[in-house]
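Open the model in your viewer and switch to a cartoon view. We will walk through it strand by strand.

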Amino acid sequence: MARKSDDDSVPLCPICGMAMVLVRIDPRVASFSELHTYRCFTCGDVRAIEHENTNYHPAPVQRGSV
Ligand SMILES: [Zn+2]
């Protein structure tokens with residue numbers, strides 16, 4: 001019985017399908033985007049999703065250099 005979230009942009013857990021909770025936002029100035037870390041409190045899965053927060057579209061950046 002999934003509870004509807006107020007925020008439609010909240011991702012669903014790929015493992016159990018429950019709405020994930022935003023637990024952290026890391027501003028990424030260099031790439032003009034934010035890294036949103038979501039956690040599923042049902043199964044404990046954690047996902048980091050990059051969100052562009054501007055209309056400006058920079059060149060794609062390679063992930064994994066953190
Ligand atoms: Zn889950």
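Which residue is the bridge partner of Val21 in β2? Select Arg39: that is the partner. The model is predicted, so to read it: local features need pLDDT of at least 70, side-chain atom pairs count only at pLDDT 80 or more, and totals for chains, interfaces and linings use all residues. Numbering starts from 1 along each chain as its sequence is written, and side-chain values use heavy atoms, with hydrogens and water left out.

**Stop one: β1 and β2.** Select residues 21–28 for strand β1. Strands here are DSSP runs of E, at least two residues, numbered from the N terminus. β1 pairs with β2 in the antiparallel sense, over seven bridges. Two strands count as paired if DSSP finds at least two bridges between them. Now pick Pro27; its bridge partner in β2 is Glu34.

**Stop two: β2 itself.** Select residues 33–39. Five of the seven residues are buried, meaning under 20% relative accessible area with a 1.4 Å probe, protein chains only.

**Stop three: β3.** Select residues 46–52. Seven bridges join β3 to β2, and the two run antiparallel. Return to Arg39: Val46 in β3 stands opposite. Then select Gly44, in the hairpin of β2 and β3. Six residues lie between the strands there, and Gly44 takes a positive phi near 90 degrees.

**Last stop: the sheet.** Show the three strands together. They form an open sheet in the order β1-β2-β3, with antiparallel pairing. β1 and β3 are the edge strands, each pairing on one side only. Neighbouring strands are turned by 25 degrees against each other on average, direction ignored; the axes are lines fitted to C-alpha atoms, and angles run from 0 to 180 degrees between N-to-C directions.

Technical notes: Buried means under 20% relative accessible area, exposed over 50%, partly exposed in between (1.4 Å probe, protein chains only). Helices (H or I, at least four residues) and strands (E, at least two) are DSSP runs, numbered from the N terminus.
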